[in-house]
Amino acid sequence: MSQQSPAIHVNGLTKIYKVPEREGGLAAAMKSLVNRKYKDVKAVDHITFDVAPGEVVGFLGPNGAGKTTTLKMLSGLLYPSDGAVTVLGYIPSKREKDYLRKITLIMGQRNQLVWDIPAIDSFDLNRAIYRIPTDTYIKTRDELVELLEIGDLVKKPVRNLSLGERMKVEFCAALLHLPKVLFLDEPTIGLDVTMQRRIRQFIAEYNQRYDATVLLTSHYMADVEALCKRVIVIHHGKLLFDGDLSALVDRFSSMKTIALKMDGGEADLSGYGEVVDRQPGSAVLRVHKNEIARITAQLLNDLDISDLTVEDPPIEDVIEDVFATKAEDVAEVSA
Amino acid sequence: MTALLDIYRSRIKTTFAMAAQYRVDMALQILGKFAEPVIYLVVWSTIANQSGGEVSGYTVPEFAGYFIAWTLVRQMTIGWDPYYMERRIRQGEFTPLLLHPIHPYHPDTADMIGWKIIELTTVIPTMIILTLLFHPQLSLQGWAVAAFIPALLIAFVLRYTLLYIMAILGFWTTRVTALFNLLFAIEFLLGGRIAPLETLPPWAQSIASFLPWKWMFAFPLELVIGRLTPQEALIGFGMQALWGVLIFATLTILWRAAVRRYSAVGG
């Protein structure tokens, strides 16, 4: 973390929702008309982190972990139940106009463009709403249109665009005011692999060109691996991990994989570790990381190995393990 | 102020672009606009004819004048219906609007103004056709016609804002429609929509004077057809001003509370 003041500062942030609840059935429905019961649900539970200016941070967690709630609190849409937040020195919940002009929140499943008209007309409305001087607007719009390769799309009614095309156009609309902080909530959800890659490239380019701070949630680990050196993992509302992506693997994965290439032989490998894959002349083993040195030496000694590589398990597998953590175990892990 | 005007101008442009996408829909709207005043006209003309040619001081040609002017006032004072606003709140469509550094009231109002301008292109032909069919009798006076324009604009702002307030209630209950239906029934009767207020019993007319709807509908209408004295017109503007203060104060307070409410429960 650099010494300059953080772009995003979160300290003990908590959000508790009051959720109405009742039993099923007509009698319970009638009873709830006069005596409604509520239950407190802690969506975000005392999380603390900083994000430096220009940093791209992956904000990970399974569904219902509290990611979107956190992003909504950071963008000023939700009022925190407890804790303190500042973004670019502003308190988001005050919803100051100057603050709203410096941020954007892009949600993969929501759109802000007017459905029936070409996006270019919605862009002009955003110019007026964000008070962008006309010459700056034209320059930024043309730059974003070029970066996103949407020159021919912005003149078509939004309803005629594919999901991926619409997302690119949404990005353009949401960034016309050149926000310094981007909150991206599943920006690539539902997009095909090619479109996901293009959106990723665009986010990286925008971050570098405008030195923007980005907090990104995504279920696609390819997004996270491509964009984020640092990740924050939240689970059951609590902060589980904050650090480098590589450190996440070290912290949560006790296993490593060994890929082998052998000259001939049908040797039984089960004694060395869990056989994940076996092909003629090659195999992949999963071995506890404390055993790696011993097993590697043993393999090289026992077999006619032509190539051997030791790798961390795929990030998807690690994240899957982390997400499988039960609520009661989260406090223990994050303590 | 210039920035706000720029938002209104840009939003109205967007609305024109949307309307251009739905030309057939616009044409069909003419038919809809035609139907309601024609029904009232036929009913009241029949009643007047059976009552010796007059009801509560309105002759058949005067009823025609009332309902032809009614077509313009009605169309110009339509606001967002709370069904639409309720859906926007329930489906989270308000979220992006709350991230804009501008009160959503402004782009919404600009959108509505855009539709009004477009609808004039269908309302005026409708009024001409009704005039040719029903031969109205109007006592048009220069001062009243001049005063009608601000009276109609204020009526639009008041009614539109009142509906907006009702829609904001959607932040607390996602079933604003029931309340809207109740108030709409009162407005229908005591606003001059179903019949001129003079056809109501005196006690109902007194109640109507204390409620906002008369000043959002019957007042500009009676003004333009020449049924008000200059003194009555001044009282009308005074009542519009009074309701304006009340309605905008309510909007301001309610909006702050609505955003706090939304911030507390999410959406």
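Helices (H or I, at least four residues) and strands (E, at least two) are DSSP runs, numbered from the N terminus. The model described here is predicted: local features need pLDDT of at least 70, side-chain atom pairs count only at pLDDT 80 or more, and totals for chains, interfaces and linings use all residues. Residues are numbered from 1 along each chain as its sequence is written, chains are lettered from A and ligands numbered from 1 in the order in which they are written, and side-chain values use heavy atoms, with hydrogens and water left out.

In chain B, helix α2 spans residues 23–50 and contains B:Ile39. This residue counts as exposed because its relative accessibility is 51%, where exposed means over 50%, buried under 20% and partly exposed in between (1.4 Å probe, protein chains only).

The interface between the two chains may be considered next. The size of an interface is often given as the accessible area lost when the parts come together. Chain A and chain B bury about 2600 Å² between them, with 60% of it on carbon and sulfur atoms; buried area is the accessible area (1.4 Å probe) that two parts lose on being put together, summed over both. Chain A contributes 31 residues to the contact and chain B 28 residues, contact meaning heavy atoms within 4.5 Å.

Between chain A and chain B there are 2 salt bridges, each a side-chain nitrogen of Lys or Arg within 4 Å of a carboxyl oxygen of Asp or Glu. A:Arg127 forms a salt bridge with B:Asp6, their closest N and O atoms lying 2.8 Å apart.
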